[in-house]
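Here is a short briefing for a reader meeting this structure for the first time. It goes topic by topic.

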Amino acid sequence: MKHFLVIANKAKDPERRYTDRILSYLRERGAQADCRINERETDTVRVPEGIECAIVLGGDGTLLKAAGDLMEREIPLLGVNLGTLGYLAEVEIGSIEPALDKLLCGDYTKEARMMLSGGVFREGKCVVRDYALNDIVISRRGSLQVLHFHIYVNGRFLNGYVADGMIVATPTGSTGYNMSAGGPIVEPGASLLLLTPICPHTLNTRSIVLSPEDEVVIEIPEGRENCVQTVEASFDGSHRVILNTGDKIIIQKASKTTEILKLNTESFLEILHKKMSE
């Protein structure tokens, strides 16, 4: 690789200490390195042509934002962890130079990660469509209230849920909010859908693992005492869309994937053990 894009989280590298360190190291070795400090500048219009790899400095949230922004360009991502706990950002800043050397000489593998496509429908028309590498979360908005959901899979009614929210996650997102809500941890290279309720108000509600070909529809019915419900759909914790009673969101596997660069030979279980021991 000879052409890189460095995407930095300004809040985690306010003085550009690590950003400039990486840029200088790459340029001194003959590589071309462009930089984006403000995450809003990672949209495809502002990204130069010919980028072979995006080096993302921050944490999992920064990498998730970059994955959504760069999905159409199909640029592989390498996460550099400047935070505390990260499953996506595999490189620690203390070992960044050996990692860059591996990129420069081609010593890496690419791991394709499944993404989600979510379309919000209002009166039969799709008003918003967005994508997520980790998860799409439906949660309450405003005052504390129990939410009611109707879930359909492939056009057939699955169940009515009473809960604080609902998570539809990818295997990559299984170690995120899904895990915190009691959902299963899945090997990130797999291809499937995880449906996990948040704080369900019944004793027999569990996560459901679905085929990647399945289509999940979450419909927002009337709430308690026939009141209008207002909920929020969050795509990877960033882009948020408001849904009201009568609206629905259709979630399925996206046609594109995100490629994550892997530089070490540690298995997912070894990484999981290390992260859970921190």
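**An enclosed strand**

All 6 of the 6 residues of strand β1 (residues 3-8) are buried, so β1 is largely enclosed by the rest of the structure. Bear in mind that this is a predicted model.

**Strand β1 and its partner**

- H3, L5 and I7 point one way from β1. F4, V6 and A8 point the other way, and all are buried.
- β1 pairs with strand β2 (residues 32-36) in the parallel sense. The pairing runs over 5 bridges.
- Within this pair, F4 stands opposite A33 in β2.

**The six-strand sheet**

- An open sheet is formed by 6 strands, in the order β13-β12-β11-β8-β15-β16. Their pairing is antiparallel.
- β13 (208-210) and β16 (239-244) stand at the edges. Each has a single partner strand, so one side of each lacks a neighbour in the sheet.
- From one strand to the next, the twist averages 20 degrees.
- Strand β8 (residues 135-140) and strand β15 (residues 230-235) run antiparallel and are joined by 5 bridges.
- I138 stands opposite A233 in β15.

**Helices α1 and α3**

- The axes of helix α1 (residues 17-28) and helix α3 (residues 96-105) come within 11 Å. They cross at roughly 40 degrees, which makes α1 oblique to α3.
- The crossing of α1 and α3 is right-handed.
- From α1, the contact is made by R21, I22, Y25 and L26. From α3, I96, E97, L100, D101 and L104 take part.
- By class, this contact of α1 with α3 has 6 nonpolar, no polar and 3 charged residues.

Technical notes
Residues are numbered from 1 along each chain as its sequence is written. This is a predicted model: local features need pLDDT of at least 70, side-chain atom pairs count only at pLDDT 80 or more; totals for chains, interfaces and linings use all residues. Side-chain values use heavy atoms; hydrogens and water are left out. Axes are lines fitted to C-alpha atoms, for helices over the stretch in contact, and angles run from 0 to 180 degrees between N-to-C directions. Helices (H or I, at least four residues) and strands (E, at least two) are DSSP runs, numbered from the N terminus. Angles under 35 degrees count as roughly parallel, over 145 as roughly antiparallel, 65 to 115 as roughly perpendicular and the rest as oblique. A crossing is left-handed if the near helix is turned anticlockwise from the far one by less than a right angle, and right-handed if clockwise. Contact means heavy atoms within 4.5 Å. Ala, Val, Leu, Ile, Met, Phe, Trp, Tyr, Cys and Pro count as nonpolar, Asp, Glu, Lys and Arg as charged, and the others, Gly among them, as polar. Buried means under 20% relative accessible area, exposed over 50%, partly exposed in between (1.4 Å probe, protein chains only). Two strands pair if DSSP finds at least two bridges between them.
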